Amino acid sequence: MSTISILDCTLRDGGYITGWDFGDTTIKNMISNLVEDNLDFIECGYLNHKDYVPGSTIFKTIKQIKDFLPSDRKNTKLLAMADVTQFSPEDLTPYDGSSIDGIRVVFYKHQIKEALKLCKAIKKNGYLLFIQPMVTIDYTIQEYASLTEKLNKLAPYAVAIVDSFGYMNKNDFRKYFMILDNILAPDVYIGFHSHNNMQLAFLTAQDIFDYKTSRNLIIDGSLYGIGRGAGNLHTELITNYYNMVVKPKYNVPNILSCVGTYILPIRKTRSWGYSPYLFITALYHVHPNFACYLLEKHDLSVAEFEDYVKTIPDEMRTKCKKPYVEQLYQQFIGAEPVLANEDFDLHKIAQ
């Protein structure tokens, strides 16, 4: 039977809602509370080239995270995320046990070469290596098997299946899991990161508990599901489910207290979670930011937004930046002439 661990990514994924501005006290208290609640992994924020701003969970150096971490981590491993476009191997400092334990590397399919370089540097510097190939479903079976073979040579701590756009169902997860399970070394953890565009996150997470495997598994969640767009699996739900079907482990009442203290005040002024607009982005397999960016400036009905999404070229569905979203909208309403797809550098537009 597999061992299932829970990872909370509130301070990283929730940053898409708060601009990563949580406040120093909240960051410290949330990490300490989640450690006390027996969370197995806590993602403390992003590593980024930008200058550090007090109260933010975007850190320029690994050392900056140290001051937010409790002296007693119990059995919790503390992590940060690094995007290959925003953090370089040269920015790493050697692991000394005083700051984070591991780094999660995120990248798109066209960034594999850069990702492998960063992953090797992370291992060389002594950190636990977690690998997150975004938009997993964008890989064919053959491409994913080939990537997994490359990743396995790095001896990572974990490799995750990432449902970036929130439309992978439980059969999709099982399909990619089988590839990882057959290729990765037995001691490598397999992770699962889902989004809630179609309200599939909790359903998929429950299915993971039934996998016939002896491999260690990690399921991501965030408090009250806080995260970009439709948000994530709820930490309070998945920890409670674990307590129900495996054994009592997580302090769910205290996790709910964290939700009330730190997350519900954010909810009063900022929104995330399921919406019909984000359901449409998942339905048509497009980046959720087509909804997030467009609705910031324009008031579209659900039907109008669906018609807009239908105009997105196939090669642009997983790539999204504000200028392109607005340009496409102006074309949609007939305010500007339609530009040929080759007028856009797809890799520069990708996010």
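Let me begin with a definition: a residue counts as buried under 20% relative accessible area, as exposed over 50%, and as partly exposed in between, with a 1.4 Å probe and protein chains only. By that rule K297, with a relative accessible area of 58%, is exposed.

This is a predicted model, in which local features need pLDDT of at least 70 and side-chain atom pairs count only at pLDDT 80 or more, while totals for chains, interfaces and linings use all residues. Residues are numbered from 1 along each chain as its sequence is written, and side-chain values use heavy atoms, with hydrogens and water left out.

On confidence, pLDDT is the predictor's confidence in each residue, from 0 to 100. The protein chain has a mean pLDDT of 94, and 95% of its residues reach 70 or more. Over residues 345-351, however, the pLDDT is below 50; beyond near neighbours in sequence, this stretch has 21 contacts in the model, a contact being heavy atoms within 4.5 Å.

I turn to strand β2, residues 41-47. Helices (H or I, at least four residues) and strands (E, at least two) are DSSP runs, numbered from the N terminus. Two strands pair if DSSP finds at least two bridges between them. Strand β2 runs parallel to β4 (residues 77-83), joined by five bridges, with L79 in β4 as the bridge partner of E43. Two bridges join β2 to β1 (residues 4-8), also in parallel, and here F41 stands opposite L7. Seven of the seven residues of β2 are buried, so the strand is largely enclosed by the rest of the structure.

Next, the interior. A nonpolar core is a set of buried Ala, Val, Leu, Ile, Met, Phe, Trp, Tyr and Cys residues joined through side-chain atoms within 4.5 Å. The largest has 78 residues, and I31, I103, V105, I161, F192 and I219 touch the most other members. Helix α4 (residues 112-124) gives the most to this core, with seven residues. Apart from it lies another core of 20 residues, among them F290 and Y324.

Finally, charged pairs. The structure holds 15 salt bridges, each a side-chain nitrogen of Lys or Arg within 4 Å of a carboxyl oxygen of Asp or Glu. K297 meets E326 in one of them, the closest N and O atoms being 3.7 Å apart. This pair links distant parts of the chain, K297 in helix α11 and E326 in helix α13, 29 residues apart. E326 is buried, at 19%. Salt bridges that share partners also join R12, D13, E43, R104 and D220 into one network.
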